[in-house]
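Morning, everyone. I have a few minutes on one structure, so let's get it on the screen.

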Amino acid sequence: MAAEVIEMFRRQWTTYRRVVDNDLMEHRDLTAALAAAIDGWLAQRDPAAPLPHLVDLGSGDLGLLPPLLRRLPLASFTALDLNGAVLPLAAEALGPVPYPCRFEEGDLLGWAEADGPPVDVVISGFAVHHLREPEKERFLRGCRRRIAPGGLLLWADVFRPAGESREAYVARYCQRVHGWTPLEADRQEEVIAHLSAWDHPADRATIEQVAMAAGWHWRWLWQGHHDAEALAALTPA
Ligand SMILES: C[S@@+](CC[C@H](N)C(=O)[O-])C[C@H]1O[C@@H](n2cnc3c(N)ncnc32)[C@H](O)[C@@H]1O
């Protein structure tokens, strides 16, 4: 699937940027909640602990994260995305920071299942819902293995209310996109084609159970207004 997905993301990137810039998926509130979660996590750490390593899986161009990233006390930052074309945009958006950064082309499931040094904070925004359910489970198990003791996984994504079918979710979301008036009709259709083909949001109740079985403690931190966008904090159980 990788080559096809990469091509699709390249083509649709400008449309996605318009979605973010017009706050159609509530990135502003979501990013504020994510920033509060990281600040809270930093505040409860031992002040003598080494600076944390942070990884953003499916980073895109970093969206609204650069101001947050620029002020965080980090040991390192890694942005990973399947679509290598967005990584220079991410680097440019971040600009100079006082810690080492890596911008890596790669698959987030591959990252989760690879060996590597423990990571303190993993964030992922609107990327994991492209995985099917067995892959989401592997992702959660892999991240659990890679997270440092006391670490934090912040999973921002679209999710289905418990019990809602994917078909019902897609129909509901498509109707919503038809109301995205800042986008022209052909852009709306692009979004609809994308989500109809590629989006597999997790069922909220099921994914909590899957995460717990993988060794995580799950906490919802923020919910958008549409029974779709949400932010969960996962910590080692
Ligand atoms: C909807 S954009 C989200 C970008 C940004 N994280 C945000 O929150 O706005 C999804 C991003 O995830 C990337 N992506 C999708 N599947 C991926 C995978 N399996 N591994 C790595 N990146 C992936 C896409 O290339 C795209 O840049």
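Let's begin with two helices: is the crossing of H6 and H9 right-handed or left-handed? It is right-handed. And keep in mind throughout that this is a predicted model.

Let me place those helices for you. H6 covers residues 133-146, and H9 covers residues 204-213. They pack at an angle of about 40°, and their axes lie 9 Å apart. An angle under 35 degrees would count as roughly parallel, and 65 to 115 as roughly perpendicular. H6 and H9 are therefore oblique to each other.

Who touches whom? From H6 we have Lys136, Glu137, Leu140 and Arg141. From H9 they meet Ile207, Val210, Ala211 and Ala213. Sort the residues of that contact and you get 5 nonpolar, 3 charged and no polar.

Now the strands. Start with S4, residues 119-125. How many of its residues are buried? The count is 6 of 7, so S4 is mostly covered, with buried meaning under 20% relative accessible area.

S4 has a pairing with S1, which is residues 53-57. Those two run parallel, with 4 bridges. For a landmark, find Leu54: its bridge partner in S4 is Val121.

S4 also pairs with S5, again in the parallel sense. Here there are 6 bridges. Look for Ile123, which stands opposite Leu154 in S5.

S7 is residues 216-223, and the two strands are antiparallel over 7 bridges. Arg219 sits opposite Ala233 in S8.

S7 and S8 form a hairpin, with 5 residues between them. Which residue in the turn has a positive phi? Asp227, at about 55°.

One reminder while you have the strands up. In a regular strand, side chains alternate between the two faces of the sheet.

To recap. H6 and H9 cross in the right-handed sense. S4 pairs in parallel with S1 and with S5.

Methods
Residues are numbered from 1 along each chain as its sequence is written. This is a predicted model: local features need pLDDT of at least 70, side-chain atom pairs count only at pLDDT 80 or more; totals for chains, interfaces and linings use all residues. Side-chain values use heavy atoms; hydrogens and water are left out. Two strands pair if DSSP finds at least two bridges between them. Axes are lines fitted to C-alpha atoms, for helices over the stretch in contact, and angles run from 0 to 180 degrees between N-to-C directions. Angles under 35 degrees count as roughly parallel, over 145 as roughly antiparallel, 65 to 115 as roughly perpendicular and the rest as oblique. A crossing is left-handed if the near helix is turned anticlockwise from the far one by less than a right angle, and right-handed if clockwise. Contact means heavy atoms within 4.5 Å. Ala, Val, Leu, Ile, Met, Phe, Trp, Tyr, Cys and Pro count as nonpolar, Asp, Glu, Lys and Arg as charged, and the others, Gly among them, as polar. Buried means under 20% relative accessible area, exposed over 50%, partly exposed in between (1.4 Å probe, protein chains only).
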